[in-house]
Amino acid sequence: MPLNLTELLAKKIDLETKWNKMFLESGMVTTEMSVLAHQHRDVMKEMTLKSADYNPHNYENHLFAS
């Protein structure tokens, strides 16, 4: 089931929180954190695409999250 923007935002914040907590605990970027960063990127892309769908005046898709 596709997530709506609110659910995607919650997932984005959760991923950021996990990443920050792991960094504070380890003091460096780990492979697990890299996986979280990729998941975060995917969520950001999905949010960008969904937000473009909600704007009827936007005729272009700008994918700033890469």
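## Accessibility of F23

F23 counts as partly exposed because its relative accessibility is 32%, where buried means under 20% relative accessible area, exposed over 50%, and partly exposed in between (1.4 Å probe, protein chains only). W19, at 26% relative accessibility, also counts as partly exposed.

The model is a predicted one, in which local features need pLDDT of at least 70, side-chain atom pairs count only at pLDDT 80 or more, and totals for chains, interfaces and linings use all residues. Residues are numbered from 1 along each chain as its sequence is written, and side-chain values use heavy atoms, with hydrogens and water left out.

## The aromatic pair

The structure holds one aromatic pair. This pair is formed by W19 and F23, which are stacked at 5.6 Å centre to centre with 5° between the planes; rings of Phe, Tyr and Trp (its six-membered ring) pair if their centres lie within 6.5 Å, and planes under 30 degrees apart count as stacked, over 60 as edge-to-face and the rest as tilted. Both residues lie in helix α1 (residues 5-26), four residues apart, or about one turn of the helix.

## P2 and the chain

The protein chain has two helices and zero strands, these being DSSP runs (helices H or I, at least four residues; strands E, at least two) numbered from the N terminus. P2 lies in the segment before α1 and, at 62% relative accessibility, counts as exposed. Leaving aside neighbours within four places in sequence, P2 is in contact (heavy atoms within 4.5 Å) with E7 and K50.
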